[in-house]
Amino acid sequence: MTQRITVTHTHGTRISVASGGVELMAYVYRPDPDPFEARKPYAHPLRTLAGNPVSGYRPNDHRWHKGLQMTASHLSGQNFWGGNSYLGPEQGYQRVEDRVGSMRHDGFEEFTATEDRLRFVEKLTWVANPSVPHSGGQEWARELRTIELHSVEPEEGAWALDWSIRLTNIRDEALHFGSPTSAGREMAGYTGLNWRGPRDFTGGDVIGPDGRGGDGETGASDLMGAPAAEAPWIAFTGEHDDVDGHSTLLFAHAPENADSIHASHWFVRSEPIPSVAPSWAFFEEFELLPGESFGYRYRVVVADGAWDRARAEGYLKNHGW
């Protein structure tokens, strides 16, 4: 049985969802002020039903890592991820201020809150850095982002967040999506929806279907770069500081993602930082022509306890799309 939720909307700033006396999620759509961190919305904090935190915010190793957020690390020479930009094997990472773009919140097309579900459709515009020669401050893409928080189930010890994107190229030239790996850095294909875990999740366990994954970084390495066609879900389990116990985040592709514009692969690290992204351009760039769109849909399940493979697969089977 689902548990009631309470939605608090601080207009112009954030949306908070609580249940059972615990704030499960805050979605912040008034971006942080530093433009080098790629100003854009993010979901933080994320907490389990027991109140345990499962997201990190502005860690000292990467200040632009903020909970769960939509990113694009390499987009036609711009960085909509934040921080240093990877400029290829010869130059590595560099601080290039005018390469960092932003995502502007333009309002909500839909906002529905019931006793057990929140659903909103957000309108955003992806904007190039104002200092870019010839195209500074230009609007490059329009996004419709749908967020649904649902299935708050104490018996399962979990709740679910569905996050979908529909992105349209509004430039008069093609947009090229890539990653550090497509630019020459081995096995660093992060881009797309990206989760940063709390520091105490460093060294956490990562599993996937068909026996893939395992303890600590061994499990992460086994699934790094794995195609979504072979591993449509992965689970990351960490052990908390301060309180005795574990929490698990289950990341899953919606079935229709298999038919999207470009094949997805998993970016997952357990060390030196805990991070997961269903990357849409891990190994190769893809092109989005003027006026064309693409879409992806994902599910993130936030659970108390250390889930094994049977528990993860059983949950996904019993909670349809």
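Here is a friendly set of questions and answers about the predicted model above.

Reader: What should I know about how this model is numbered and read?
Author: In this predicted model, local features need pLDDT of at least 70 and side-chain atom pairs count only at pLDDT 80 or more, while totals for chains, interfaces and linings use all residues. Side-chain values use heavy atoms, with hydrogens and water left out, and residues along each chain, as its sequence is written, are numbered from 1.

Reader: In which order do the strands of the open sheet of nine strands run?
Author: Strands (E, at least two residues) and helices (H or I, at least four) are DSSP runs, numbered from the N terminus. Two strands pair if DSSP finds at least two bridges between them. With antiparallel pairing, the order in this open sheet is β9-β10-β11-β12-β22-β18-β17-β15-β16.

Reader: Which strands stand at the edges of that sheet?
Author: An edge strand has a single partner strand, so one side of it is left without a neighbour in the sheet. The two strands at the edges are β9 (102-113) and β16 (213-214).

Reader: How many residues of strand β4 are buried?
Author: Buried means under 20% relative accessible area, exposed means over 50%, and partly exposed lies in between (1.4 Å probe, protein chains only). β4 is largely enclosed by the rest of the structure, because its buried residues number five of the five.

Reader: Is Ser73 buried or exposed?
Author: Ser73 sits in the loop between β5 (68-71) and β6 (74-75). Contact means heavy atoms within 4.5 Å, and, leaving aside neighbours within four places in sequence, the contacts of Ser73 include Gln78, Trp81, Pro180 and Thr191. Its relative accessibility is 5%, so Ser73 counts as buried.

Reader: Which backbone oxygen does the side chain of Ser73 reach?
Author: A polar contact is a pair of N or O atoms within 3.5 Å; within protein, one must be able to donate a hydrogen and the other to accept it, and residues adjacent in sequence count only if both atoms are side-chain atoms. The side chains of Ser73 and His74 are joined by such a contact, at 3.4 Å. At 2.7 Å, the Ser73 side chain also reaches the backbone oxygen of Tyr190.

Reader: How many residues apart are Asp61 and Arg199?
Author: Side chains of opposite charge can pair when their charged atoms come close. A salt bridge is a side-chain nitrogen of Lys or Arg within 4 Å of a carboxyl oxygen of Asp or Glu, and Asp61 and Arg199 form one at 2.9 Å, N to O. The pair links distant parts of the chain, with Asp61 in the loop between β4 and β5 and Arg199 in the loop between β14 (192-196) and β15 (205-207), and the separation is 138 residues.

Reader: What is the relative accessible area of Arg299, which meets Asp162 in a salt bridge?
Author: The side chains of Asp162 and Arg299 meet at 2.6 Å, N to O. Asp162 lies in strand β12 (residues 158-169) and Arg299 in strand β22 (residues 293-304), so the pair ties together parts 137 residues apart in sequence. Asp162 is buried, with a relative accessible area of 7%, and Arg299 is buried as well, with a value of 2%.

Reader: Which strands do the buried residues of α1 pack against?
Author: The buried residues of helix α1 (residues 216-223) are Gly216, Gly219, Ala220 and Leu223. They cover an arc of only 100 degrees around the axis, counting directions from the helix axis to the C-beta atoms, which puts them on the same side of α1. Those residues pack against β15, β16, β17 and β19 (265-269).

Reader: What kind of aromatic pair do Phe286 and Phe294 form?
Author: Rings of Phe, Tyr and Trp (its six-membered ring) pair if their centres lie within 6.5 Å; planes under 30 degrees apart count as stacked, over 60 as edge-to-face and the rest as tilted. For Phe286 and Phe294 the centres are 5.5 Å apart and the planes stand at 85 degrees, so the pair is edge-to-face.
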